[in-house]
Amino acid sequence: MPQQTSLITLLCLGFVLAFLFGMLAQRFRLSPLAGYLLAGIVAGPFTPGFVGDQNLAAQLAEVGVILLMFGVGLHFSLKDLMQVRRVAVPGALVRIVLMTALGFGVGRLFGWDDGTGIVFGLSLSVASTVVLLRTLEDHQLLDSRLGQVTIGWVVVEDIAMVLALVLLPPLADSLHGEQATPLLPVIFKTLLKIGLFVAFMLVVGRRVIPWILERVAGTGSRELFTLCVLAIAMGVAFGAAAMFGVSFALGAFFAGMLLNESEFSHKAASDSLPLRDAFAVLFFVSVGMLFDPSILIEHPLQVLMTFVMIVVVKWVVVWASLRILGERPGDATLAASSLAQIGEFSFIVIGLAVSLKMMQPDVRDLVLAGALLSIVVNPFLVAPLVGRIKRRRQLTDTDTPSPMSDLVDHTIVIGYGRVGHELVRLLRERGVPVALIEEDMDRVIQARGNGIPAVRGNAVLPQVLGRARPEAAKLAILAIPRALEGGEVITQLRKLNPDITVMARAHSEAEVKHLLAHGADAAVLAERELAHSLTDMVMATPPYRALRTE
């Protein structure tokens with residue numbers, strides 16, 4: 001009996017091609033997102049060779065959208081947004097309005113209908129959060145004032161796009177219905193449904209979701225906790241669509257927002273991250289499969305105009321907005337360059353528009369071509385500006401409460417999870433100077449609030465590790481539970497300071513060997529140390545105390 005393997009084939013080839021092209025993009029210091037899109041183009045029907053099942057790809061992409069939006073909600077911080085609301089909110093809204101209006105005008109110029117022009121401009125108005133975060137992290141700007149402004153800017157854009165996804169279906173009905181219905185009642189009805197859903201989530205979801213997570217976490221099963229997080233993300237998304245008629249995206253976004261308020265938010269984020277990343281990659285691959293490269297030859301002027309709108313026009317709008325709002329010229333220039341690209345939300349918007357018959361496939365190809373070109377060009381726009389500004393103003397992490405330039409003979413702790421948090425506390429109680437490296441922004445903020453010098457970023461990157469002054473440190477402790485990454489960190493530490501003592505955390509004998517082979521002076525097997533501690537406690541109890549003294 002023949003087996004139907006189209007899904008397996010698509011998954012295997014999709015991941016393999018995404019990995020190969022992602023590595024190629026990384027090699028050329030581009031965003032891996034460009035590689036994933038190229039992988040989709042290779043697997044698509046418009047290029048020779050293997051052709052993936054587009055129907056299956058679209059369904060997998062829908063799962064990717066849900067998990068992508070869940071991740072956006074999980075990392076959404078209203079507190080961070082409020083700190084830069086004076087700049088981010090008006091700037092982002094002005095850009096969305098101007099770009100949408102410009103897209104409408106371009107649509108009229110090319111003879112498109114009104115709906116196509118509006119969606120075209122809307123899709124070009126929003127920058128890619130993935131590309132922006134990668135750019136800021138590579139140049140150590142995540143925690144600077146510039147990083148806060150640009151992240152706040154894209155958060156406002158993301159929220160606006162969530163609302164746009166909800167409003168597009170009624171707009172499509174109004175614009176393309178055989179008997180056009182009045183637009184305002186349709187929008188009012190849609191906003192009423194959104195309001196009911198939001199009220200339900202704030203009243204019921206805010207209580208129920210943390211309660212469920214607490215009960216599941218109490219079982220001690222990591223598998224059940226991960227399944228619970230995914231069930232909440234998918235279940236709320238489906239329930240939002242089934243009960244309130246709102247989009248999967250909005251439901252997943254709110255599920256992430258409510259989880260963000262829970263004390264288990266960090267665990268939920270870390271446990272769901274691998275699956276979110278995997279399906280997000282499939283989402284970008286599926287988008288690439290829809291792209292017809294022939295548009296670059298058949299309509300080069302339209303592609304060029306789209307690219308100019310994304311890179312040049314958006315740059316001018318952002319720069320002018322930031323200057324009017326009081327930002328310095330250098331910061332405005334760098335922010336405008338980092339936001340001169342489009343990405344995931346643009347793909348989601350145009351995908352929905354095509355499915356609603358609001359946009360023709362050739363217009364979608366224009367947006368995809370502009371996205372790919374802008375993602376490729378963006379690093380080359382930003383890198384020279386960062387170097388120039390840093391040389392001129394010595395732009396550094398000005399938000400760090402305790403400068404690391406004064407640290408000498410200190411201990412570098414990498415990771416501020418449960419183990420790292422307790423380790424840092426004990427070391428400081430004993431008077432050991434500590435410098436912390438952590439990827440999660442919330443944990444970095446928490447550490448700095450406690451007066452701990454902290455660097456945000458991945459310690460594998462030399463520029464991140466170098467900010468903790470390893471050349472002046474006596475000791476480094478890897479409190480992260482990832483041995484393969486830990487081995488790379490140890491290699492970097494040895495290059496920067498051959499005499500530093502390195503201790504690491506492991507979860508198996510194989511991990512211990514791996515860490516020691518990469519230069520660790522000691523590797524602690526957590527389960528073994530726990531067994532020793534429990535044995536010491538047992539031998540200290542009255543029934544066995546005599547045996548201990550013999």
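Predicted model: local features only at pLDDT ≥ 70, side-chain atom pairs only at ≥ 80, totals over all residues.
Sorted by class, the contact of α1 with α2 has 10 nonpolar residues and 3 polar ones, with no charged residue taking part.

Helix α1 covers residues 6-27 and helix α2 covers residues 32-43, and the two pack at an angle of about 140 degrees with their axes 7 Å apart. At that angle α1 is therefore oblique to α2, given that an angle has to be over 145 degrees to count as roughly antiparallel.

I would now like to turn to the second pair, helix α5, residues 85-110, and helix α6, residues 114-124, for which the packing angle is about 140 degrees and the axes are 7 Å apart. These two helices are therefore oblique to each other, and the crossing of α5 and α6 is right-handed. From α5 the contact draws on Ile96, Met99, Thr100, Gly103, Phe104, Val106, Gly107 and Arg108, and these meet Asp114, Gly117, Ile118, Phe120, Gly121, Leu122 and Leu124 of α6. Here the division by class is 8 nonpolar, 5 polar and 2 charged residues.

Is Phe347 buried or exposed? With a relative accessible area of 4%, Phe347 is buried, because the cut-off for that word is under 20%. And which residues does Phe347 touch, once its neighbours within four places in sequence are left aside? Phe347 is in contact with Leu33, Leu37, Phe283, Phe284, Val287, Leu368 and Ala371. As for Gly288, it is 59 residues from Phe347 in sequence, while the C-alpha atoms of the two are 9.8 Å apart in space.

Val155 has a relative accessible area of 19% and so is classed as buried, since the limit is under 20%. Along the chain, Val155 and Val126 are 29 residues apart, and their C-alpha atoms are separated by 9.9 Å.

Note on methods. Residues numbered from 1 in each chain as written. Heavy atoms only, no water. Axes fitted to C-alpha atoms, helices over the stretch in contact; angles between N-to-C directions. Helix = DSSP H or I, 4+ residues; strand = E, 2+ residues; numbered from the N terminus. Parallel < 35°, antiparallel > 145°, perpendicular 65-115°, else oblique. Left-handed = near helix turned anticlockwise from the far one by under 90°. Contact = heavy atoms within 4.5 Å. Nonpolar A, V, L, I, M, F, W, Y, C, P; charged D, E, K, R; others polar. Buried < 20%, exposed > 50% of the residue type's maximum accessible area, 1.4 Å probe, protein only.
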